[in-house]
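This briefing describes the surroundings of the ligand and a selection of residues elsewhere in the chain. The structure is shown first, and the notes follow by topic.

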Amino acid sequence: MTEPFELLRTWDGLATVLRFEPHSGAWIVIALHDRTLGSPTGGSRMKSYPSLSDAIVDAQRLAAGMTAKWAGIDRPYGGGKAVLMIPRPLDAATRRSLLTGYRDVLRGLEGGFRTGPDMGTTPEDMAFLAQACASVMGIHPETGKPLDPGPFTAQGVLAGIRAAVAHAFDGATLSGRRILIQGVGDVGEPLARGLAEAGATVLISDLDPARSEKLAQMIGGRTVDPEAVFTMECDVYAPCAVGATVDEASVAEMRCAIVAGSANNQLATDRDAERLAARGILYAPDWVINAGGALAYADLRAGTTDTDQLLSDVDRTIGAAVEAVFHTAHEEGITSLEAARRRAERRLSQARK
Ligand code: NAD
């Protein structure tokens with residue numbers, strides 16, 4: 001693995017901020033990628049890594065992804081991401097020390113990086129940071145409570161699935177469509193409810209069978225063995241659990257028409273976008289369809305405080321963004337992944353001009 005200084009030297013982003021927090025033994029890494037559209041903004045991930053270099057690479061890669069994500073939904077933020085690299089799981093007091101140190105760094109950046117929850121951090125962690133730092137997104141200005149991004153992300157995925165179904169089947173109705181959700185946690189559960197309400201036949205798969213069975217009973221869905229996800233015939237496969245589930249082997253097995261879900265980094269490699277296209281499977285690029293939580297946070301900061309209004313903004317914006325990606329892909333004869341990249345790049349170059 002490349003040395004940390006070499007990673008700082010060769011990165012094409014704006015800056016990578018590093019701080020060691022001695023009490024927890026954690027490294028705080030903040031990658032600031034781009035500020036063409038606005039202040040670098042992205043989640044705070046808390047995780048163990050094999051080395052500091054791995055943490056820096058992850059933060060820089062995720063920050064670049066945020067630049068494209070904000071451009072894709074046309075909100076005035078730039079790309080940034082924080083990684084809190086912990087040496088081991090932390091007890092509550094040590095975690096608090098780390099968050100306090102992190103808060104000091106955020107305050108030092110004076111709004112030069114804005115953040116919200118991500119893998120390993122919670123809305124409650126964000127509420128703690130927000131007590132003495134104005135750089136935290138997603139705190140409701142009236143209640144002072146952190147907003148759970150999951151239901152907003154789910155609403156965006158629902159809108160994206162609707163757009164994908166309309167594109168693939170020439171009709172926007174979800175009624176009667178078989179939709180398989182892999183992972184029914186913070187995003188997958190509200191998505192399953194929304195799809196069931198829209199009349200879809202919902203197939204649920206989760207590593208926790210108690211969770212999937214309970215939800216299936218509540219919404220009148222069916223459970224699917226996690227091992228059988230790719231061989232199950234369905235209209236839409238919605239990965240809402242972990243990344244890299246779409247690879248050469250799974251694409252060859254898939255019996256669906258559409259891949260559209262919330263999981264980050266669904267494709268094991270970019271080549272998998274071509275593999276899906278070659279099999280005639282429509283793919284909704286993950287960083288476009290899963291931007292509902294980020295969008296709700298941006299709209300909340302811009303002054304929209306009503307939950308229904310936030311949900312309807314997410315529905316409209318993500319639905320339109322996913323539809324536009326499919327349209328561009330079709331018009332330009334390229335994969336949906338490439339189309340999403342070109343749309344984001346176009347937005348950034350307009351702003352640069
Ligand atoms: P979560 O941890 O709340 O839920 C994940 C669920 O997936 C759990 O129920 C878990 O048991 C299940 N699971 C894990 N591995 C599985 C497997 N191999 N097969 C079936 N089920 C499996 O996570 P979440 O917040 O719902 O996020 C889901 C995905 O969406 C993640 O990839 C996350 O990065 C991404 N995402 C989430 C948000 C958000 O707002 N929460 C926003 C953007 C992207």
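In the classes used here, Ala, Val, Leu, Ile, Met, Phe, Trp, Tyr, Cys and Pro count as nonpolar, Asp, Glu, Lys and Arg as charged, and the others, Gly among them, as polar. On that basis, the shell around the ligand has eight nonpolar, nine polar and three charged residues. The model is predicted. The points below begin with the ligand and then turn to aromatic rings, loops and pairs of residues set apart in the sequence.

**Ligand surroundings**

- There are 20 residues around the ligand, and those that come nearest are Thr153, Val187, Asp206, Arg211 and Ser262.
- The backbone of valine 187 supplies a polar atom that lies 2.9 Å from an oxygen atom of the ligand.
- Leucine 207 also takes part through its backbone, where a polar atom is 3.3 Å from a nitrogen atom of the ligand.
- In serine 262 the side chain is involved, with an N or O atom 2.9 Å from an oxygen atom of the ligand.
- The protein buries 72% of the 830 Å² that the ligand exposes when taken alone.

**Aromatic pairs**

- A search of the whole structure finds three aromatic pairs.
- One of the pairs is formed by phenylalanine 230 and tyrosine 237, with 5.3 Å from centre to centre and 80 degrees between the planes.
- This pair of phenylalanine 230 and tyrosine 237 is edge-to-face, because planes over 60 degrees apart are given that name.
- Phenylalanine 230 has a relative accessibility of 18% and counts as buried, because the cut-off for that class is under 20%.
- Tyrosine 237 is buried as well, with a relative accessible area of 3%.

**Arginine over aromatic rings**

- Arginine 96 lies over the face of phenylalanine 128, and its distance from the ring centre is 3.9 Å.
- Arginine 177 is placed over the face of phenylalanine 169, at 3.8 Å from the ring centre.

- Aspartate 118 is located in the loop that runs between strand 5 (114-117) and helix 4 (123-130).
- With 17% relative accessibility, aspartate 118 counts as buried.
- A polar contact of 3.0 Å joins the side chain of aspartate 118 to the side chain of lysine 81.

**Positive phi values in loops**

- Glutamate 110 is a residue other than glycine with a positive phi, near 45 degrees.
- The loop between helix 3 (92-108) and strand 5 holds glutamate 110.
- Glutamate 110 counts as exposed, since its relative accessibility is 73% and the class begins over 50%.
- Alanine 244, a residue other than glycine, has a positive phi near 60 degrees.
- The position of alanine 244 is in the loop between strand 9 (236-239) and helix 8 (248-253).
- At a relative accessible area of 41%, alanine 244 is partly exposed.

- Aspartate 247 belongs to the loop between strand 9 and helix 8.
- The relative accessibility of aspartate 247 is 27%, and the residue counts as partly exposed.

**Distances from alanine 192**

- Alanine 192 is part of helix 6 (residues 188-197), and this alanine 192 is buried, with a relative accessible area of 0%.
- From alanine 192 to glycine 112 the C-alpha distance is 37 Å, and the two residues are 80 residues apart in sequence.
- Aspartate 34 is found in strand 2 (residues 26-34) and counts as buried at 12% relative accessibility.
- Aspartate 34 and alanine 192 are 35 Å apart in space, C-alpha to C-alpha, and 158 residues apart in sequence.

Definitions and conventions: Residues numbered from 1 in each chain as written. Predicted model: local features only at pLDDT ≥ 70, side-chain atom pairs only at ≥ 80, totals over all residues. Heavy atoms only, no water. Near = heavy atom within 4 Å. Polar contact = N/O pair within 3.5 Å; in protein donor to acceptor, adjacent residues only side chain to side chain. Areas by Shrake-Rupley, 256 points an atom, 1.4 Å probe, with all protein chains shown as cover. Phe/Tyr/Trp six-rings, centres within 6.5 Å; stacked < 30°, edge-to-face > 60°. Buried < 20%, exposed > 50% of the residue type's maximum accessible area, 1.4 Å probe, protein only. Lys NZ or Arg CZ within 6 Å of the ring centre and 35° of its normal. Helix = DSSP H or I, 4+ residues; strand = E, 2+ residues; numbered from the N terminus.
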